[in-house]
Amino acid sequence: MLFTAQPIDPVAFSFGPLSVAWYGLIIGTGIVLGYLLANREADRLGMPKDMFADLLIWAVPIAIISARIYYVIFQWDYFSQNPGEIIAIWNGGIAIHGALIGSVATGFIFAKRKGLSFWKIVDIAAPSIILGQMLGRWGNFINQEAHGGEVSRSFLEGLLIPDWIINQMYIEVNGSFAYYHPTFLYESVWNFAGLILLLLLRKVNPLRGEIFLSYVIWYSVGRTFVEGLRTDSLMLTETIRVAQAISILLVIVAVGLILYRRFGQGIKTRYADKRN
């Protein structure tokens with residue numbers, strides 16, 4: 001029997017010639033919810049009013065630009081031959097690691113200019129970041145992208161996921177249809193677990209910086225495994241995926257920073273402490 005279910009339309013709605021994509025709506029929702037979560041915690045900890053609103057004005061556009069730059073760098077063989085495509089972000093091609101680099105760098109400069117603790121800011125922001133990533137993967141689901149290799153329908157049914165997800169994973173690639181690993185779902189579920197972990201860490205009141213560094217470790221470990229299933233990875237070499245290499249490096253750096261700040265610098269300031 002031929003499979004007849006239609007994929008979800010990536011366009012949510014249109015106003016004349018203007019179309020609004022589900023991907024953009026999902027990303028926008030993630031930004032708004034992340035802001036509300038961070039802003040509420042910042043108020044609780046006595047941070048300056050509207051601090052995260054001021055930070056987002058800079059961090060969001062810089063994150064998008066840096067995500068594109070990162071992608072272009074690792075696809076330079078193509079973009080060097082098609083320079084006009086470099087700015088064509090509407091055709092796809094951004095990388096979350098690039099966005100993180102840009103947003104964290106923006107947060108560092110922002111904290112220094114405002115005389116605030118960088119570690120406190122990123123600790124507050126960490127649950128919001130992973131919340132945004134958790135939601136953002138559903139934009140990939142709508143677009144039928146960032147998936148893994150071929151699987152059978154019975155495999156997907158064995159995951160006990162609803163039919164509307166299974167049906168959306170029936171994707172045309174190079175002219176033929178097949179079911180594919182829902183890697184978007186694996187990463188989204190992993191990030192949801194990470195969100196719960198980070199919110200629980202707030203209750204424990206760890207040393208300052210350790211919530212953010214825990215986020216880096218948690219996300220990077222999950223990304224390392226999920227990336228190994230994907231078929232559209234940016235490649236560092238013929239066998240090494242960029243995201244896996246960066247993730248492993250980030251785990252090493254984050255663990256090293258936790259140990260150094262605990263035992264080398266002897267950090268005593270805790271997450272919820274009022275002082276910078």
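The model is predicted: local features need pLDDT of at least 70, side-chain atom pairs count only at pLDDT 80 or more, and totals for chains, interfaces and linings use all residues. Numbering starts from 1 along each chain as its sequence is written, and side-chain values use heavy atoms, with hydrogens and water left out.

**Stop 1: tyrosine 71**

Select tyrosine 71, in helix H2 (residues 51-73). Helices (H or I, at least four residues) and strands (E, at least two) are DSSP runs, numbered from the N terminus. Leaving aside residues up to four places away in sequence, tyrosine 71 touches Phe79, Gly93, Ile94, Ala95 and Leu234; contact means heavy atoms within 4.5 Å.

**Stop 2**

Select strands E4 (residues 170-173) and E5 (residues 176-180), which run antiparallel and are joined by four bridges. Two strands pair if DSSP finds at least two bridges between them. Glutamate 172 has phenylalanine 177 in E5 as its bridge partner. Two residues lie between the strands, and asparagine 174 in this hairpin takes a positive phi near 55 degrees.

**Stop 3: helix H8**

Select residues 183-204, helix H8. The expected span is 1.5 Å times one less than the number of residues; for the 22 residues of H8 this gives 32 Å, and the end C-alpha atoms are 32 Å apart, which agrees. Buried residues (under 20% relative accessible area; exposed is over 50%, partly exposed in between; 1.4 Å probe, protein chains only) in H8 include Phe184, Leu185, Leu195 and Leu198. Among what covers the buried residues are helix H1 (22-44) and helix H5 (118-143). Just after H8, asparagine 205 has a positive phi of about 60 degrees.

**Stop 4: salt bridges**

The structure holds nine salt bridges, each a side-chain nitrogen of Lys or Arg within 4 Å of a carboxyl oxygen of Asp or Glu. Select glutamate 210 and arginine 262, whose closest N and O atoms are 2.7 Å apart. This pair links distant parts of the chain, helix H9 and helix H10 (residues 242-264), 52 residues apart. Glutamate 210 is buried at 9% relative accessible area, whereas arginine 262 is partly exposed at 39%.

Next, select arginine 223 and glutamate 227, which form a salt bridge (2.7 Å, N to O). They are separated by about one helical turn because they are four residues apart in helix H9.

Finish with aspartate 232 and arginine 230, a salt bridge with closest N and O atoms 2.9 Å apart. Salt bridges that share partners join Arg223, Glu227, Arg230 and Asp232 into one network.
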